[in-house]
Amino acid sequence: MRFVIALPFLWLAVFFLLPFALVLAIALGSNAPDLAPPVELGFSLKNFALLFTDDLYVAAWLSSLRIAATATVVTLLLGYPMAYAVARTSARWRPVLLMLVILPFWTSFLIRVYAWIGLLANNGLLEQFLRWTGLAQNPETILGTEWAVQLGIVYAYLPFMVLPLYAALEKLDLGLLEAAADLGAPPVAAFLTITLPLSLPGVVAGCLLVFIPAVGEFVIPDLLGGTGTLMIGKVLWDEFFTNADWPLASAVAICLLVLLVGPIALFQRQQAKSLERK
Amino acid sequence: MPIVQIEGASKRFGPVTAVDKVDLTIERGELFALLGGSGCGKTTLLRLLAGFETPDGGRILIDGQDMAGVPPHRRPVNMMFQSYALFPHMSVADNVAYGLRREGLPKGAIAERVAAALAQVKLADHGSRRPSQLSGGQRQRVALARALVKRPKLLLLDEPLAALDRKLREGTRFELVRLQEELGLTFVMVTHDQEEAMSMSTRLAVMDLGRIKQVGPPHEVYERPRSRFVADFIGIANILPDGNRWLALRPEKIALGVAEPPSAPLPAHRIAGEIVDIAYEGDRSLYRVATERGVLLVSAANVARDGRSFQRNQRVWLAWAADAAQVLDE
């Protein structure tokens with residue numbers, strides 16, 4: 001029995017705590033390009049200090065948070081009506097619609113992001129379409145701008161918003177909406193007072209599932225964004241692979257983790273609370 | 001003007017006709033029961049009144065106003081749901097206040113009326129609780145208070161007692177009748193329980209296959225059932241052939257005796273038989289007696305304390321008055 005309980009803890013210790021300690025140790029060291037690995041261990045906070053004082057890093061932090069927050073709001077606004085529609089469809093069509101939401105997962109994430117390059121590129125499918133319909137003659141591509149990054153994140157994370165929302169909306173007892181109507185609530189008021197509050201756990205879960213990974217997103221800004229789009233995940237990558245500055249990259253990783261502990265804890269509490277209510 | 005006029009209302013769900021050209025008038029101040037088995041259309045009829053379903057044909061008037069095209073939230077009607085449908089994310093007081101807030105009443109007036117409604121159902125000090133913290137009986141009363149606080153012209157009750165246990169049901173039955181009389185409201189109640197319908201309602205309608213088979217005060221429907229279905233559905237009846245028609249004879253209308261009863265002047269009918277089965281029910285026993293006119297059910301009070309007035313296989317005489325049997329139309 002004890003062994004069974006100890007096993008996951010052992011797993012976490014070996015594969016999370018130990019690497020984390022290593023990363024922390026590297027972050028406290030300093031860059032030594034001549035060594036292999038290029039780290040000189042020590043105890044200095046200068047890497048962390050740099051992250052909070054250097055404009056580049058501060059800007060990367062802020063734009064990561066801004067892009068992730070915007071993407072969260074947009075996926076919520078798009079995902080809520082989608083989840084609502086799926087939850088209200090007849091039982092026959094529901095699995096089909098759910099399948100359509102999940103279907104993109106069957107293709108590699110990387111390939112799907114690459115596909116956007118083809119769509120958005122100069123002389124790409126979107127531009128050809130715009131020219132063909134006459135909507136625009138010489139449209140300027142958004143590829144390489146923050147718009148493309150935003151679009152990519154919204155596209156990639158939409159299912160993570162729709163699924164928890166659907167789970168919350170599908171559970172909703174339609175009798176409650178009849179009761180609200182019976183007591184004099186027009187449909188909009190019934191939605192705002194009954195449906196929305198009761199789907200709030202789904203809203204919180206969806207927002208965190210989008211926001212948390214979006215903050216640290218690296219692939220999408222790397223492929224769709226240009227040099228102008230700073231995101232902290234990309235900075236981490238650059239420090240590690242381009243500049244080979246392991247200590248600084250490690251410091252970025254640790255800050256990212258600390259920053260996301262808050263929302264993750266919130267998510268855990270929300271989940272525990274909704275379990276309790278049942 | 002009657003509070004409810006239903007004129008030829010029909011409702012179909014695909015191939016099923018749930019309500020079939022129903023005509024019904026309900027007067028003000030009545031406690032009216034729609035009685036029938038599952039799938040008889042009683043709940044659909046109630047939902048047509050509430051506006052959750054729209055009729056495929058016919059008209060429904062509430063308080064003289066045609067309800068065609070009037071959505072549920074604009075009807076002068078409130079409903080107590082079978083599942084109670086209490087809002088789980090609101091306190092008891094907020095549940096009761098919900099309907100008043102939709103009317104846009106001032107806060108003070110709402111608080112006052114909510115407190116009064118909760119006091120009415122004896123839940124004055126439960127206002128801050130969540131529905132999940134209440135017992136089944138308390139939840140039922142919150143649902144009632146939430147519907148009554150709006151002072152509807154018509155209160156619809158969908159199986160109001162079905163979710164309560166037996167003991168609680170008895171008390172709540174009287175409580176509902178008391179409230180209905182005190183407030184002078186019209187109640188329309190759906191139930192599958194004939195005892196409930198008989199003991200509570202001023203009038204009841206027996207429904208089958210989407211049609212109303214008979215409407216009337218409980219004693220009239222019981223004593224003068226017009227059809228075999230109604231005679232069978234309400235209480236127990238012996239159905240006897242009589243020439244080319246059928247008679248319904250209630251088991252308690254038959255006298256059971258050992259000696260042959262005198263023939264004149266009353267009783268008018270007598271027949272010899274043998275007891276084949278006895279169901280002991282405490283206060284009464286139900287006897288199955290084999291006679292030349294078939295097996296008849298006879299109910300007799302257990303007057304003697306040993307409860308063994310008659311035995312199985314005993315030869316007995318059955319007798320009933322000339323007007324005890326009811327002639328059935330169909």
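**View 1. The largest nonpolar core of the predicted model, with 92 residues.** Within this core, the residues with the most contacts are B:Leu49, B:Val96, B:Ala145, B:Leu156 and B:Val188. A nonpolar core is a set of buried Ala, Val, Leu, Ile, Met, Phe, Trp, Tyr and Cys residues joined through C-beta atoms within 7 Å; a buried residue has 20 or more other C-beta atoms within 10 Å of its own, the C-beta atoms being placed from the backbone. The core lies between domain 1 (4-229) and domain 2 (246-328) of chain B, because both give residues to it; the domain bounds come from an automatic or database assignment. This is a predicted model, in which local features need pLDDT of at least 70 and side-chain atom pairs count only at pLDDT 80 or more, whereas totals for chains, interfaces and linings use all residues. Residues are numbered from 1 along each chain as its sequence is written, with chains lettered from A in the order in which they are written.

**View 2. Surroundings of B:Val96.** Leaving aside neighbours within four places in sequence, B:Val96 is in contact (C-beta atoms, placed from the backbone, within 7 Å) with B:Val114, B:Ala117, B:Leu118, B:Val142, B:Ala145, B:Arg146 and B:Val149.

**View 3. A second, separate core of 56 residues.** Among its members are A:Ile26, A:Ala71, A:Val86 and A:Ala156. Buried residues account for 33% of the 278 residues in chain A.

**View 4. The contact between chains A and B.** Chain A contributes 14 residues and chain B 16 residues. On the chain A side, α8(A) supplies the largest share, 6 residues; helices are DSSP runs (H or I, at least four residues) numbered from the N terminus.

Key:
Two residues are in contact if their C-beta atoms, placed from the backbone, lie within 7 Å. Helices (H or I, at least four residues) and strands (E, at least two) are DSSP runs, numbered from the N terminus. A residue is buried if 20 or more other C-beta atoms lie within 10 Å of its own, exposed if 12 or fewer, and partly exposed in between; C-beta atoms are placed from the backbone.
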